[in-house]
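Trainee: I would like to go through the terms used for a structure and see where each one comes from.
Mentor: Here is the one to look at.

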Amino acid sequence: MQYGKTDDVFHAHGPFSKEAAEACAEADAWLKTLVPWLRARGYAIIIMADHGQHEVTRNNGTTAGAHGSASDLDCLVPLVWLPGVAPATEPCNTSSLQ
Ligand SMILES: [Zn+2]
């Protein structure tokens, strides 16, 4: 799954803008719902960004975001790995296996 809103907002307003902070809060809220749902079903989860962004200033003085450079801001991204857990199930009836 990809949550692309943060990239769009970072490009439009810059990675250190209040709009970027709000987009990150929305992504956190999405993950707060999604992660427990997936973990309850036994999925391992890897959360990461495909790139970062650095801030640029437009000719009119407003800020925007860009990526594609070799800077740490563009290249270093967080990685969270949550191992899979056994989903909650009913006890297995082994009598039919004998
Ligand atoms: Zn982008």
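Predicted model: local features only at pLDDT ≥ 70, side-chain atom pairs only at ≥ 80, totals over all residues.

Mentor: Residues are numbered from 1 along each chain as its sequence is written.

Trainee: How many helices and strands does the protein chain have?

Mentor: Three helices and four strands, in the order α-α-β-β-β-α-β along the sequence. Helices (H or I, at least four residues) and strands (E, at least two) are DSSP runs, numbered from the N terminus.

Trainee: What makes α1 roughly antiparallel to α2?

Mentor: Helix α1 (residues 5-13) and helix α2 (residues 18-39) pack at about 175°, with axes 9 Å apart. Angles over 145 degrees count as roughly antiparallel, under 35 as roughly parallel, 65 to 115 as roughly perpendicular and the rest as oblique. Therefore α1 is roughly antiparallel to α2. Axes are lines fitted to C-alpha atoms, for helices over the stretch in contact, and angles run from 0 to 180 degrees between N-to-C directions.

Trainee: Why does Thr-57 count as exposed?

Mentor: Thr-57, in strand β2 (residues 54-57), has 10 C-beta neighbours inside 10 Å, so Thr-57 counts as exposed. A residue is exposed if 12 or fewer other C-beta atoms, placed from the backbone, lie within 10 Å of its own, buried if 20 or more do, and partly exposed in between. Buried residues make up 9% of the 98 residues in the protein chain.
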